[in-house]
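Work through the exercises below with the sequence and the 3D structure at hand. Each task is followed by a worked solution.

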Amino acid sequence: MRARVFVTLKPSVFDPQGRTIAEALHSMGYGGVEDVRQGKYFELDLATNEAAQAKALAAEVADRLLANPVIESYRIEIES
Amino acid sequence: MTFAVITFPGSNCDQDAYRAAKDVLGQQAEYIWHKDTDLKGADVVILPGGFAHGDYLRCGAMARFSPVMKSVQEFAAKGGPVLGICNGFQVLLEAGLLPGAMLRNRSLKFQCEHVHIRVEQTDTPFTMACRVGQVLRVPIAHGEGNYFAEPDVIARLEANRQVVFRYSTPDGRITDEANANGSLANIAGLCNERRNVVGLMPHPERACESILGSQDGLVLFESVMKAVAHA
């Protein structure tokens, strides 16, 4: 089973890379893109076919390693 | 006295720290590989600069789980002096030995230059030979040194006097222009509540000989020698 983990900076944390990308888009004429937040994306191949178990394992590794709770939060999707 | 210099795969300032301790100050120095757990009777532990584990994922994120870190945690818990320099500071943050985290520099550039930092606290083992307000000229070399912590954490750091160094002008003023990377409150270095664990982004070990352009970093090493001698 595959889990997708999306890690982003928390809303309270300034994202200098996202800001620079937004400014680049504005200079390209995409004024309709109001803001950009850059993040990280992980695909985890898990040795289980049970969705709840997969989600729990993905959350555990996200808490322990993939995300830094001081600056980041994460969201998990389980691919069926 | 003995300095232990931890070497992670990707550390590249371990030799600079070793040289400062051994050749400049004439002390014992030992490299400790990250998979080892014996600190070889160290009086001081240095986590050097570099790119531990390639800085993959986040700076210091994987170094935190290297076997040697358990020994470093135990050494720190007993009150032993620990200095994290640059990437070593990032490892201390990821390991939770110091609070907060690093963001990309606000310039988005890897910055390699000499900067000035002001010594804010002299009751740590690495600053006890300094005077409050002393300005040190030391190099930085990092892309992720933009210190961040939530406002309540910053308030606690200030209340406990845990901000040890701030980026400053050459005459010691704390200004936004002197802030090398966008760090909150111009924070360049911190200590823990017990004050025995210190981390900073600039490289004092690369500023210990006049041929390197500055000897201002020596005072951190002299401080810890004094601290260990009086312990």
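Two residues are in contact if their C-beta atoms, placed from the backbone, lie within 7 Å. The model is predicted: local features need pLDDT of at least 70, side-chain atom pairs count only at pLDDT 80 or more, and totals for chains, interfaces and linings use all residues. Residues are numbered from 1 along each chain as its sequence is written, while chains are lettered from A and ligands numbered from 1 in the order in which they are written.

**Exercise 1.** State how many residues of chain A are in contact with chain B, and classify them.

Solution. Step 1: nine residues of chain A are in contact with 12 residues of chain B. Step 2: helix H1 of chain A (residues 16-27) supplies the largest share of chain A's side, three residues. Helices here are DSSP runs (H or I, at least four residues) and strands are runs of E (at least two), numbered from the N terminus. Step 3: by class, this side of chain A has five nonpolar, four polar and no charged residues. Ala, Val, Leu, Ile, Met, Phe, Trp, Tyr, Cys and Pro count as nonpolar, Asp, Glu, Lys and Arg as charged, and the others, Gly among them, as polar.

**Exercise 2.** Find the contacts of B:Val5, leaving aside its neighbours within four places in sequence.

Solution. The contacts include B:Asp14, B:Ala17 and B:Tyr18. Further along the chain, B:Ile46 and B:Pro48 are also among them.

**Exercise 3.** Compare the span of H5(B) with the expected one.

Solution. Step 1: H5(B) has 13 residues.

Notes: The expected span of a helix is 1.5 Å times one less than its number of residues.
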